[in-house]
Amino acid sequence: QKIKYEQMKEIETATNSFLALFSHELNTPITRISSSSQMLRKRLQNPSSADTDILNFVINDCKILSDMISNMMVLSQFEGSSIQLNPMPCDINEIIENIFLHFTDLCRQKNITVQKLLEPNVIFPIDETLITTALKNIINNAIKYSGLNQTIIVSTRIDNQTVTVSVNDNGMGIDPKDKPLLFKKFYKATDTRITSLKGLGI
């Protein structure tokens, strides 16, 4: 049993190292593709709607890949027990605003209205990188699983030493049979309505 456990730990460590290295190596070319596409979009004079659509697809898909890579890097840190929290006073409202800037094009494509009910001065000691990753995943899912012409409401509230961030949407919800598996790594629901949507299940 002890030998088997040690072998499993070695495999797990090797897997996490591979994920971290793989994610890091992918990040650079994806950033270059995204930056080049954005520069090309700005420099094109009188581009056709087809050209603009193609460039927008490239830029949006680069954002999706970049988010997936960030998630994999954070996951590998957690799995390898190498994660270290670095709490610093941060404006959570500003983090939320920046996340929605990241998803501006996606919201526009689906004609999604965003209502922000943000309590002022929500400054709290948090690990900005990890909170940004978590909120980005939640907000991305809210946009991804909402239909066209829907509204997403994001609110923040501070009460003594607790900050609450709420994201409300009108998406399809989670099938009761999938709820027990909600936090299973890489699990993705088999609902035919969502199998075509991109995501790692992290």
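Me: What does the accessible surface of the chain come to, and what share belongs to carbon and sulfur atoms?
Reply: In this predicted model, the accessible surface of the chain comes to about 13,600 Å², and carbon and sulfur atoms hold 56% of that area.

Me: And what percentage of the residues count as buried?
Reply: The chain has 202 residues, of which 26% count as buried.

Me: Switching to the fold, how many helices and strands are there, and in what order do the elements run?
Reply: There are five helices and five strands, and from the N terminus on the elements follow the pattern α-α-β-α-α-β-β-α-β-β. As for contacts between residues at least 6 apart in sequence, 73% of them join residues at least 24 apart.

Me: Which strands make up the open sheet, and in what order?
Reply: The open sheet has three strands in the order 2-4-5, and their pairing is mixed. Strand 2 (113–118) and strand 5 (162–168) stand at the edges with a single partner strand each, so one side of each lacks a neighbour in the sheet. On average, neighbouring strands of this sheet are turned by 10 degrees against each other, with direction ignored.

Me: Is the pairing of strand 2 and strand 4 parallel or antiparallel, and over how many bridges?
Reply: Strand 2 pairs with strand 4 (residues 151–159) in the parallel sense, over six bridges, and Leu117 stands opposite Ser155 in strand 4.

Me: Which strands does helix 3 lie across?
Reply: Helix 3 (residues 92–102) lies across strand 2, strand 4 and strand 5, and runs at about 175 degrees to strand 2. Helix 5 (residues 128–144) also packs on the sheet, where it touches strand 4 and strand 5, and its direction makes about 20 degrees with that of strand 5.

Me: What about helix 3 itself, which residues are buried there?
Reply: The buried residues of helix 3 include Ile92, Ile95, Ile96, Ile99 and Phe100, and also Asn93 and His102. At the start of helix 3, a side-chain oxygen of Asp91 comes to within 3.0 Å of the backbone nitrogen of Asn93.

Me: Which residue has a side-chain oxygen reaching a backbone nitrogen at the start of helix 5?
Reply: That is Asp127, with a side-chain oxygen within 3.2 Å of the backbone nitrogen of Thr129. Among the buried residues of helix 5 are Leu130, Leu135, Ile139 and Ile143, along with Asn140 and Lys144.

Me: Last one: how far apart are the end C-alpha atoms of helix 5, and what span should its residues give?
Reply: The end C-alpha atoms are 23 Å apart, and because 17 residues at 1.5 Å a residue should span 24 Å, the two values agree.

Definitions and conventions
Residues numbered from 1 in each chain as written. Predicted model: local features only at pLDDT ≥ 70, side-chain atom pairs only at ≥ 80, totals over all residues. Heavy atoms only, no water. Helix = DSSP H or I, 4+ residues; strand = E, 2+ residues; numbered from the N terminus. Buried < 20%, exposed > 50% of the residue type's maximum accessible area, 1.4 Å probe, protein only. Contact = heavy atoms within 4.5 Å. Areas by Shrake-Rupley, 256 points an atom, 1.4 Å probe, with all protein chains shown as cover. Pairing = 2+ DSSP bridges. Axes fitted to C-alpha atoms, helices over the stretch in contact; angles between N-to-C directions. Polar contact = N/O pair within 3.5 Å; in protein donor to acceptor, adjacent residues only side chain to side chain. Expected span 1.5 Å × (residues − 1).
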